[in-house]
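Open the model in your viewer and keep the selection tool at hand. The stops below run from the whole chain to single residues.

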Amino acid sequence: MDAFLLMLREGVEAALIVGILLAYLSRLGRHDEKKWVWNGVWAAVLVSVVAGVIVFATIGSLEGRSEEMAEGVVAVAAAGLLTWMIFWMGRRARSIRLGLEAQVDEALAADSLRGLAVVAFVSVLREGLESALFLLSTTVGEASAVAKLVSGLAGIAAAAALGYLIYRGSHRLNIALFFRVTGILIVLFAAGLIAKAIHEFQEVGILGTTREHLWNLGVLDPETSLAGEFLSSLFGWSPSPSLEMIFGYLLFLVPTLLGFLAMTGNKPIRIETRTG
């Protein structure tokens, strides 16, 4: 579920970007130039996949203390990037279409078809690299890495289908509710990554432990309960967390969630994708 959610969110953002670029070219009657947008998209996808494979292979070859350290670092990096992503989207969503269209105008004015590919490449590459890091954070150190990879791919496929429907069928799309709901879930997921990172850093001795088990519940154990595994995967649930894990979880969750809710509580976000 965590991999599916993250890839769905990132995939929808990428699909919106591509849809805006293609729809604008359609309105300008520049249909032949659309292939340059797709060239940039596929190049960004390729670079993202290669980067993800290299990083995953590198971390996957680590063992013992080095592996635990890498898992903690990846968790912190992913949590930070997730937080930046949702706040960036919250600030830029209402102006993203105008910004992309201005870049297209500049490329067309300079008679630079490769410039169109660069616009698409840079925009999609950011989403692709974020996706690679997020997927890495859900699979590294997990026995179910293959299943999570499949779930992530399913999320991307769902996002691509949704993006196509947006491009073909919607003139104005209110995506405020989608980004608000998925944003809340992602904040909870990021808080779980912070708790996971603290646990890994405690395992290697970088962080001390005031109280190793603040509580020890026999229910919802991720190793024996499907519900516990689900809660652990998506929200960082632990049946026996340390005091530092709970403190770090709440210290991240409360201000981040309140800030996100305040930002997204304004007027609905509408992104125009009219194709004609």
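Helices here are DSSP runs of H or I with at least four residues, numbered from the N terminus. Tryptophan 42 is found in one of them, helix H2. Keep that residue in mind for a later stop. Note also that this is a predicted model.

**Whole chain**

Colour by secondary structure. The protein chain shows 9 helices and 2 strands. Follow the sequence and the order reads α-α-α-α-α-α-β-α-α-α-β. Of the 276 residues, 45% are buried. Switch to a surface view. The accessible surface is about 13600 Å², and 66% of that belongs to carbon and sulfur atoms.

**The largest nonpolar core**

Select Leu6, Leu82, Ile86, Phe134, Ile186 and Leu193. These residues have the most contacts inside the largest nonpolar core, which has 31 residues. Which helices each supply at least two residues of this core? Show H1 (2-28), H3 (64-92), H5 (113-139), H7 (176-203) and H9 (243-263). H7 gives the largest share, with 12 residues.

Centre on leucine 82. Ignore its neighbours within four places in sequence. What remains in contact with leucine 82 is Leu6, Phe134, Ile186, Phe189, Ala190 and Leu193.

**The other core**

Next, pick Ile20, Val37, Trp88 and Leu125. They are among the 30 residues of another core, which lies apart from the largest one.

Is serine 48 buried or exposed? Its relative accessible area is 7%, so serine 48 is buried; the cut-off for buried is under 20%. Beyond its neighbours within four places in sequence, serine 48 is in contact with Leu125, Gly128, Leu129 and Ala132.

**Aromatic pairs**

The structure holds 2 aromatic pairs. Show the rings of tryptophan 38 and tryptophan 42. Their centres are 6.0 Å apart and their planes meet at 25°, so this pair is stacked; planes under 30 degrees apart count that way. Both tryptophans sit in helix H2 (residues 34-60), 4 residues apart, about one turn of the helix.

How does each of the two meet the surface? Tryptophan 38 has 35% relative accessibility and counts as partly exposed. Tryptophan 42 reaches 55% and counts as exposed, because the cut-off for exposed is over 50%.

Move to phenylalanine 87 and phenylalanine 260. This aromatic pair is edge-to-face, with 6.4 Å from centre to centre and 80° between the planes. Zoom out to see which parts of the chain it joins. Phenylalanine 87 is in helix H3 and phenylalanine 260 in helix H9, so the pair links distant parts of the chain, 173 residues apart. Both phenylalanine 87 and phenylalanine 260 are buried.

**Last stop: a surface patch**

Which residues make the nonpolar surface patch of about 490 Å²? Select Trp38, Trp42, Val45, Val49 and Val53. The stacked tryptophan pair, Trp38 and Trp42, is thus part of this patch.

Terms used. Residues are numbered from 1 along each chain as its sequence is written. This is a predicted model: local features need pLDDT of at least 70, side-chain atom pairs count only at pLDDT 80 or more; totals for chains, interfaces and linings use all residues. Side-chain values use heavy atoms; hydrogens and water are left out. A nonpolar core is a set of buried Ala, Val, Leu, Ile, Met, Phe, Trp, Tyr and Cys residues joined through side-chain atoms within 4.5 Å. Buried means under 20% relative accessible area, exposed over 50%, partly exposed in between (1.4 Å probe, protein chains only). Contact means heavy atoms within 4.5 Å. Rings of Phe, Tyr and Trp (its six-membered ring) pair if their centres lie within 6.5 Å; planes under 30 degrees apart count as stacked, over 60 as edge-to-face and the rest as tilted. Accessible areas come from the Shrake-Rupley method with a 1.4 Å probe; for residues, only the protein chains shown count as cover. Patches are made of residues with over 30% relative accessible area and no salt bridge: like charges are joined within 9 Å, nonpolar side chains (Val, Leu, Ile, Met, Phe, Trp, Tyr) within 5 Å. A salt bridge is a side-chain nitrogen of Lys or Arg within 4 Å of a carboxyl oxygen of Asp or Glu.
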